[in-house]
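Welcome, and please get your viewer ready. We will go from one selection to the next and look at what is there.

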Amino acid sequence: MHRLALAATAFVGIAAAAVGARADDMNDPYRQPALDALKGKSIVYLPISIGFDLAQAWGGVVKTEAERYGMKFKSQDPNWNTGAMAQGLTSLIAEKPDVIVTQNPDLQSLARLLKQANAAGIVVIQMNMQGAVQTDAFVGPDFIAMGEQAAKMVVAKCGKGTETSHKVSIVQGVLTGGVSYYQVQGIKKVFDANPEIKVVSSQAADWDASKARAITETVLQQNSDLCGVIDVWDGQGVGTGAAIKQAGKQDQVYFVTSGGGAQSMCDRLADGTFSAAINYDAPGMGRDAFTAISAVLQGKQKAGTVKFQLYSPTRVMTKADVKAGTCWDPEQYAKLLR
C-alpha cells in the first residue's frame, strides 16, 4: 500500500508539472507579442455598401476575429454613394483609427485619400476592388487571371473547332471599377489570341441586375445565334442570366460569371441561370483580410511601407457541384454587423 501511495504521489507530481508546462506554453514569448500587437487596436470597415453579400461576409469575419483578440471594430455604410464614401474616409483620417478596411468604388475616387491615410500612420487594407494607389495590402482575387480563366472557358465552348457563331458578349460593371476593369483586361488578352471569337457587345451595367438584363435582351434580339456571355459579377449576372432564360436560350448560350459563393450563386447554378461560376469565397477573403491586418500590425513597420497582395483562390462551379452547404448564407454574416 505504501508503494502504491508513493507511485500515486509521483504520478500526480508529474501530471502537475505537465499541466504547468502547458500553461507556460500558452503564455510563451512567441504568442504574447502577437496578442499585444492586436489588443486595443481599432478597425473601421468602409465598403461601398454593407447591404450586399460580399461586404457582409468580409465585415462579419473581420469583426468576429477582431473581437476575439480584444480589438475595437466599427463600420460605416455609404450605401453605394461615392461622395458619401469619400466624406466618410476624410472623417476617418482625422479620427486616426489603427486600421481602415475599405473597398474602392473605382480606380481613382479614393486614391488621394488612401495615400493620406497611410501618411497619417493608418494601416489601409483594400478589399476586392483595388484602386490606383497601393496601400498596405490588397485582398481579393487576381482579377486579370480570373478574366483569362473565364475567357478560356468561353473559347472552349465557342471558339475554333466548335460549330457555333463564335459570337460572345461581355457585360461589365462600372467601367473603372477594379472588379470589372481588371477582368476585362484578362478577357481581352485571351480573345485577342483567339481571333475567331467575335465580341458583339461589351457594355457597362454599373452593378445593376436590371441594366444587365436589358443589355442582354437587346444583344440577343440583335444576335439570335449568340454563343457565349461573360458577366463580371454574379450580383448583376442574375439579370443577364434571366434574359437568356427568358429567350429560351440556356442550351445555346454558355454563360459564365463570378462572385463570392453566396447561396444565390448555388441557386442560380441549380436552376440553370448560370452555366458556370467562378467562386472566390468571400468568407475566406474576410479571413485573409484579418490575416493581413494581423501581419501588418505585428510587423510594426510604418503604415504603407510594406505593400503586398493576398490573392484569393478561385473554384469553378457548375450545377453538378451544388450540394447542401456548398454556398454560404449572407444573413449569417449580415447579423454580425447590425
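Start with Cys 158 and Cys 227: the torsion about their S-S bond is about -90°, so this disulfide (a pair of cysteine sulfur atoms within 2.5 Å) is left-handed. The pair links distant parts of the chain, 69 residues apart, with Cys 158 in helix 6 and Cys 227 in the loop between helix 8 (209-222) and strand 8. Helices (H or I, at least four residues) and strands (E, at least two) are DSSP runs, numbered from the N terminus.

A word on the model before you move on. It is predicted: local features need pLDDT of at least 70, side-chain atom pairs count only at pLDDT 80 or more, and totals for chains, interfaces and linings use all residues. Residues are numbered from 1 along each chain as its sequence is written, and side-chain values use heavy atoms, leaving out hydrogens and water.

Stay with the pair and colour by accessibility.

Next, select Cys 266 and Cys 327, whose sulfur atoms are 2.0 Å apart in a disulfide. Here the S-S torsion is about 80°, so this disulfide is right-handed. Cys 266 is buried at 1%, and Cys 327 is buried at 9%. A search of the whole structure finds two disulfides.

Last stop: helix 7, residues 178-192. Among its buried residues are Val 179, Val 184, Ile 187 and Phe 191.

Technical notes:
Expected span 1.5 Å × (residues − 1). Buried < 20%, exposed > 50% of the residue type's maximum accessible area, 1.4 Å probe, protein only.
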